[in-house]
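Please look over the sequence and the model shown here before reading on.

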Amino acid sequence: LALEGEDGPLASQKLFAVASDRAGGWYVTTPASALHVSAAGRIRTVATCEGCCNIALSPDGSALFLADYSNHKILRAEVATGAVTTFAGSDERGDADGVGGAAEFYRPYGI
């Protein structure tokens, strides 16, 4: 795979998290984006997001869930369109159970 080794296209990126898809590809987060790497080694930006550090793929593969450490939220990014919406949390840091914007997080890291 062309991505292996010290000189591959991802070598200069700071990578935070990895999630695999059913087609042999994988998703990675960088300080500013979520990327898809196909099984053939092609890289494309799925979504831009500042401060996203961890990632999970929906069971059907249509969406990514991103822990937005900087903004105290869990984001949902549509794989097909790159549209990013807030799934849970708000810009306010806190610690409260709730649905959607009623949930509060303090720098979520895992998902």
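**From a strand into the core**

Leu57 is partly exposed, with a relative accessible area of 22%, where partly exposed means between the limits for buried (under 20% relative accessible area) and exposed (over 50%), found with a 1.4 Å probe and protein chains only. This is a predicted model, in which local features need pLDDT of at least 70 and side-chain atom pairs count only at pLDDT 80 or more, while totals for chains, interfaces and linings use all residues. Residues are numbered from 1 along each chain as its sequence is written, and side-chain values use heavy atoms, with hydrogens and water left out.

Leu57 belongs to strand β5, strands being DSSP runs of E with at least two residues, and helices runs of H or I with at least four, numbered from the N terminus. Not counting residues up to four places away in sequence, Leu57 touches Ser20, Asp21, Tyr27, Ala63, Leu64 and Val79, a contact being heavy atoms within 4.5 Å. Between Leu57 and Val84 there are 14 Å from C-alpha to C-alpha, and the two are 27 residues apart in sequence.

Tyr27, one of the residues touched by Leu57, leads on to the largest nonpolar core, which has 14 residues and in which Tyr27, Ile55, Leu64 and Leu66 have the most contacts. Such a core is a set of buried Ala, Val, Leu, Ile, Met, Phe, Trp, Tyr and Cys residues joined through side-chain atoms within 4.5 Å. At least two residues of this core come from each of β1 (17-20), β4 (43-48), β5 (52-57), β6 (63-68) and β7 (73-78). Apart from it lies another core, of five residues, including Cys53, Ala67, Ala88 and Ala103. In soluble globular proteins, nonpolar side chains tend to be buried together.

For Cys49, which is in no disulfide, the nearest cysteine sulfur is that of Cys52, 3.1 Å away. Cys49 is buried at a relative accessible area of 6%, and Cys52 is buried at 0%.

Thr30, found in the loop between β2 (26-29) and β3 (33-37), counts as buried at 2% relative accessibility. Leaving aside neighbours within four places in sequence, Thr30 is in contact with Gln13, Lys14, Leu15, Phe16, Leu35 and Cys52.

Tyr109, by contrast, lies in the segment after β8 (84-89) and is partly exposed, with a relative accessible area of 47%.

Conventions:
Disulfide = S-S within 2.5 Å.
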